[in-house]
Amino acid sequence: MKRHHLSFGEESITETMLMDLADRFPGDVVIQPFNKVHEGRYGADWAWAFQSADGTLTLPMLVQAKLLNLQDTEYPEIKRLVGRHQPPVRQIDLFIQTAESWGWPAIYAFYNHLDDSSRVPDICGSLALAGAAPMPESWGISIADAYNVRAALDDQTFDTHQLHSIAFHCLLCGGGSGRRGSQGSPEVALRALHGLRGALPFPDVDSDKRPLPDAPFLDTPAIFHAVRAAASADEPTIREARVQALREEFPQLAGVVILRDEPRTERDSKP
């Protein structure tokens, strides 16, 4: 696509990524689109939740996607202004404000399409254990803490923002062990987010950042219960009515993703 100067937009990339995730994630996946997002109210694209196998632990997060430009140099939309406010509001401020009011982490997902493997950060322990060198494919989606993105907002370049990012697959990395830990993917993902929060390689100017939770949530936010109820409806008319109610309640959210772990095995319990 890039070779022919064709644009592959954020929505198309998100849909492709979610379909691939649904095929590959070793557990139960619920993906419920709501609306073609305008991001004017929340500043966010999607609501995500990682859940333990029994559903008692949840790590929710708001996710905002941004696409690397065709020159592989910068993310031109991270300074975007939204809404009809006067003066205009920075999308990133609205995004963080929404996440703070919901009590969730705010995460950027950067869609990359690098050709030069030398630009891929050599920080993946799993690839190192496998004896593999960094490769562009492993950095197709990278994630970053929204506060860190805001701290570096004057510089929109890939080279700056990769310094406080990790590859998306590192969010659930077990360090090559293949184990999830006692609390499953919510625990693993939260540990990765804490690592991201401390990854800023320059002085942090954002003194008002909210702390990340110390542990996964014991109470699943209502939006995820509602999405599961819609997905489990046997009658198509009931399902559509429930989804429509969610669209109306969250008119500027593109949708919800729920990733629930598969049942635990003996291997997961070993130290």
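Predicted model: local features only at pLDDT ≥ 70, side-chain atom pairs only at ≥ 80, totals over all residues.
## Overview of the model

Residues are numbered from 1 along each chain as its sequence is written, and side-chain values use heavy atoms, with hydrogens and water left out.

The protein chain holds nine helices and nine strands. Of its 271 residues, 46% are buried, that is, under 20% relative accessible area, with over 50% called exposed and the range in between partly exposed (1.4 Å probe, protein chains only). Among contacts (heavy atoms within 4.5 Å) between residues at least 6 apart in sequence, 74% join residues at least 24 apart. The chain exposes about 13700 Å², of which carbon and sulfur atoms supply 53%, as computed by the Shrake-Rupley method with a 1.4 Å probe.

## Strand β9 and its partners

Strand β9, which spans residues 255–261, is mostly covered, since six of its seven residues are buried. Strand β1 (residues 27–33) pairs with β9 in the antiparallel sense over seven bridges, and within this pairing Val-30 has Ile-258 as its bridge partner. Strand β2 runs parallel to β9 and is joined to it by six bridges, while Ala-47 stands opposite Val-256 of β9.

## An enclosed cavity

The model has one cavity of 30 Å³ or more, a cavity being a set of points on a 1 Å grid over the protein atoms alone where a 1.4 Å probe fits but cannot get out. The largest cavity holds about 120 Å³ of space, a volume being the space filled by probe spheres set on the grid points, which are joined across faces, edges and corners. It is lined by 15 residues, of which Met-17, Trp-48, Val-63, Ala-109 and Phe-168 are the closest to its centre; a lining residue has an atom within 4 Å of a point.

Two or more lining residues come from each of α1 (10–24), β2 (46–51), β3 and β6 (106–111). By type, the lining divides into 13 nonpolar residues, one polar and one charged, where Ala, Val, Leu, Ile, Met, Phe, Trp, Tyr, Cys and Pro count as nonpolar, Asp, Glu, Lys and Arg as charged, and the others, Gly among them, as polar.

## A loop residue with positive phi

Asp-72 lies in the loop between β3 (58–67) and β4 (81–82). Although Asp-72 is not a glycine, its phi is positive, at about 65°. Asp-72 counts as buried because its relative accessibility is 8%.

Methods. Helix = DSSP H or I, 4+ residues; strand = E, 2+ residues; numbered from the N terminus. 1 Å grid on protein atoms, 1.4 Å probe; cavity = no way out; pocket = protein on both sides within 12 Å on 5 of 7 lines; lining within 4 Å. Pairing = 2+ DSSP bridges.
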